[in-house]
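Hello,

Here is the structure I promised to hand over. Have a look first, and my notes on what turned up follow below.

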Amino acid sequence: MTKKQRAGEIIALLEQEYPLADCTLDYDEAWKLLVSVRLAAQCTDARVNIVVKDLYGKYPSPSALAAASVEEIEEIVRPCGLGHSKARDIHKCMNELVDKYDGRVPDDFDALLGLPGVGRKSANLIMGDVFGKPAIVTDTHCIRLVNRMGLVDGIREPKKVEMALWKIIPGEKGSDFCHRLVHHGREVCTARKAYCEKCILRDVCRKNL
């Protein structure tokens, strides 16, 4: 079985198991997803979803966040860890959104990468979830699972994993596939242990072959 064939079977099985492929960060505007994904670094999505309620309650727009001080933002986002660096990046990012894009999140991948604190994972998440464009989000769940499954071979660097997956995952399937990997990685194929006996992918996963 080629990697592309295995990927096709895994995608189909995950679609059956997790029909609702959604982002686990709460947002109702594109700029909020930009903020939340920065806060989610080394922090759980559940905690981020709690913290941003206070953040958006006090600063309800990109211009409001841009006008705030880094210290004011840090005071709210500190529970997410790395408070100062995250607050600094969010402040710079919102200022650039306001100055360059009139407060609107650009729908261009390279433009997103040019925003402070935005890496490939964040840019792909925005492209896929907000704009419905082909995207592959290589977070920790994705990297761990695609290595276990045999879709990539011992690759841990996020960009290299992303590039490898682009060759075998249909672009229109990439975003939902990565969301489903998050659900599967939390519920079945966890970092601590792979519960292969109850895994829907056990017959196609390289770990069991």
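Let me begin with Phe177: apart from its neighbours within four places in sequence, Phe177 is in contact with Ile10, Ile11, Leu14, Val146, Leu151 and Ile169 (contact means heavy atoms within 4.5 Å).

Before the rest, a word on how to read this. It is a predicted model, in which local features need pLDDT of at least 70 and side-chain atom pairs count only at pLDDT 80 or more, while totals for chains, interfaces and linings use all residues. Residues are numbered from 1 along each chain as its sequence is written, and side-chain values use heavy atoms, with hydrogens and water left out.

**The core**

Phe177, Leu55 and Leu165 are the residues with the most contacts inside the largest nonpolar core, which has 71 residues. Helix 2 (residues 30–39) gives the largest share of this core, seven residues. A nonpolar core here is a set of buried Ala, Val, Leu, Ile, Met, Phe, Trp, Tyr and Cys residues joined through side-chain atoms within 4.5 Å. Buried means under 20% relative accessible area, exposed over 50%, and partly exposed in between, with a 1.4 Å probe and protein chains only. Helices are DSSP runs (H or I, at least four residues), numbered from the N terminus.

**The largest pocket**

The largest pocket holds about 480 Å³ of space. Its lining has 24 residues, and Asp45, Lys121, Val137, Asp139 and Thr140 lie nearest the centre. Helix 8 (120–130), helix 9 (140–149), helix 10 (158–166) and helix 11 (171–187) are the elements that give two or more residues to this lining, with the largest share, four residues, coming from helix 11. By class, the lining divides into 11 nonpolar, six polar and seven charged residues (Ala, Val, Leu, Ile, Met, Phe, Trp, Tyr, Cys and Pro count as nonpolar, Asp, Glu, Lys and Arg as charged, and the others, Gly among them, as polar).

On the method: on a 1 Å grid over the protein atoms alone, a cavity is a set of points where a 1.4 Å probe fits but cannot get out, and a pocket is an open set with protein on both sides within 12 Å along at least five of seven lines; lining residues have an atom within 4 Å of a point. Grid points are joined across faces, edges and corners, and a volume is the space filled by probe spheres set on the points.

**The cavities**

There are two cavities of 30 Å³ or more. The largest cavity has about 90 Å³ of space, and among its 13 lining residues His184, Cys189, Cys196, Cys199 and Cys205 lie nearest the centre. The second largest cavity has about 60 Å³; helix 2 and helix 6 (83–101) each supply at least two residues of its lining.

In helix 8, the buried residues are Ser122, Ala123, Asn124, Leu125, Ile126, Met127 and Gly128. Their cover includes helix 2, helix 7 (109–113), helix 10 and helix 11.

Leu145 is in helix 9 and counts as buried because its relative accessibility is 0%. Not counting residues up to four places away in sequence, Leu145 touches Leu181, His184, Gly185 and Cys189.

Thr190 sits in the segment after helix 11. Why does Thr190 count as buried? Because its relative accessibility is 16%. The Thr190 side chain reaches the backbone oxygen of Lys193 at 2.6 Å.

Best wishes

Methods: Polar contact = N/O pair within 3.5 Å; in protein donor to acceptor, adjacent residues only side chain to side chain.
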